[in-house]
Structure formats: C-alpha cells, structure tokens
Amino acid sequence: MNYALYAILIASILFVGILLLLEVGRRAGKRRIAKDAKADMAGIGVIDAAVFALLGLLLAFTFSGAGTRFDARRRLIVEETNDIGTAYLRVDLLPASAQPALREKFRQYVDARIATFKASDLRAAREEIARATKMQGEIWIQSLAATRTADVHPDAAKLLLPALNSMIDITTTQTMAMQTHPPVIVFVMLGVLTLVSSALAGYGMAHGRWRNWIHILCFATVMSVSFYVILDLEYPRLGWIRVDTFDQALVDLRQTMN
C-alpha cells in the first residue's frame, strides 16, 4: 500500500476511534447520572485536566521533533549538494588526462543520489544507496591515483581528498537522518492517550441533553489531522509533505555537469 494512503488510513481509524470513545464516555456518564443524579463529581476535573495536559505535552513534543527533523533533512540536502559541487570543481586540479573519466563517475554518482531521493519505496532507495556507495569507492580510488601522478597540481591532494571525504561522509549523515524517527511506542502512546482523552471528554459531556456535534467533529478532526501531519513530517519522501523543492538543488547541480 502507498505510504500516503497508509497514513491516511491510520488517521481515519483514529478519527473513528475518537468518535466511538466520545460516545462510550458519554453513555457511561449518562448511566451514572441515571443511577445517581447527585453523583459526586469532585476531583474528576483535576484528573481530566492532568490527562489532557499530558496529551497536549506529548503532541507538542512529537510535532516539534518531527518539524525539527524535517528541517534537518532539507538542510542536509543543501549541504550534500555543496559538498559534491566543491569536490567536482576541484577535479580541475588533476591532470587533464584523468579528468574526463572522473567527471563521468561524478555524473553517474549524482544520478544515483537523485534516484535515491526519487525512489518510490524503501527497497529501491536502498538499491540506489548501494550503487552510490560503490561509486564513492571508485571515485576515491581514481582520485587518489590521479593525485600521485607527476604532473598533478601540488595542492591537489590537500584540496580534493578532503572535499571527497566530506562528500562521502554527508551521505552517511543523510541516510541516518532518513532513518531517525521516534520509537514506535511514542506513536502508540499518543494514539492511546488521544482515545483515553476522548472517553474522558465524552464522560464530561454527559450532562448535556443533546450531543454537540460541532465540538465532537472538530475535536476528532483536529486530533486525527494532527496525528497525520506528524506522521507525514517524519517520512517526507513517502507522504504528501515533501522535500522535493530542495532536491531540485541537486538536479540543478547535475545539469551544470553536462
């Protein structure tokens, strides 16, 4: 199943669950009122406030963390583009005879990195990462050999090799950033806490004679949409929220290599 549809399905299940728990809580409250119209409700408001405060805190931290990681992934794309561009320019320091083959390797490498970002699933992305990693080794070996020739620029090794090292290192940082997410238990806890809060909210609405559908639907919609946005921010290459505009920087760099 497409990830975007999968995330929508989870949010939809949460939406339905919220509505059900609101109704369950309301009916539980109605039954208690029917048994004892003067039931003591002291202390219940304090408990409700504590649970809702915990929900708000967890929601805020999860959303904030997802947004921070989203921004970090976009920043890393720019850093990788700069690192590749710098290394490519410093190929000029090598002998003219060694440059064409190495520049072609750079073009293939950038193509592999672009394909990694555009991969439609994790399996395809892993294949492109493996291909790019193999090319890194080939570029390094060719560059190292070229810096040891007699007619090379005296500063070629000092300038080119560190640039290549940065280009290689940033891909590892990129890969780890793509795989960095909160533990699954955090999302489970957020979903469970949302449902528990829904039941408590429904219980508190039991005193009303009629159901307030505006508040019920707004609460369910806001919570389920918030959960969906958090999921989408965590996986910006699989859902509706994308970092494609920043990928364009790497595409533009590839065009300058033609």
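1. A charge sits over a ring if NZ of Lys or CZ of Arg is within 6 Å of the ring centre and within 35 degrees of the ring normal. In this predicted model, Arg-103 lies over the face of Tyr-88, at 4.8 Å from the ring centre.

2. Tyr-88 also takes part in an aromatic pair, with Phe-106. The ring centres are 5.6 Å apart and the planes stand at 70°, so Tyr-88 and Phe-106 are edge-to-face; the cut-off for that label is over 60 degrees. Tyr-88 belongs to helix H2 (residues 44-89) and Phe-106 to helix H3, so this pair ties together parts that are 18 residues apart in sequence. Are Tyr-88 and Phe-106 buried or exposed? Both are buried.

3. How many aromatic pairs does a search of the whole structure find? The search finds 2. Besides the pair in point 2, Phe-187 and Phe-227 form an edge-to-face pair, with 6.5 Å from centre to centre and 75° between the planes. Phe-187 is in helix H6 (residues 184-204) and Phe-227 in helix H7 (residues 213-234), so the pair ties together parts that are 40 residues apart in sequence. Phe-187 and Phe-227 are both buried.

4. On confidence, the mean pLDDT of the protein is 90, and 96% of its residues reach 70 or more. Confidence is highest in helix H3 (residues 99-118), at a mean of 94, and lowest in helix H1 (residues 3-35), at 89. Where pLDDT is low, the predicted coordinates should not be read in detail.

Definitions and conventions
Residues numbered from 1 in each chain as written. Predicted model: local features only at pLDDT ≥ 70, side-chain atom pairs only at ≥ 80, totals over all residues. Heavy atoms only, no water. pLDDT = per-residue confidence, 0-100. Helix = DSSP H or I, 4+ residues; strand = E, 2+ residues; numbered from the N terminus. Phe/Tyr/Trp six-rings, centres within 6.5 Å; stacked < 30°, edge-to-face > 60°. Buried < 20%, exposed > 50% of the residue type's maximum accessible area, 1.4 Å probe, protein only.
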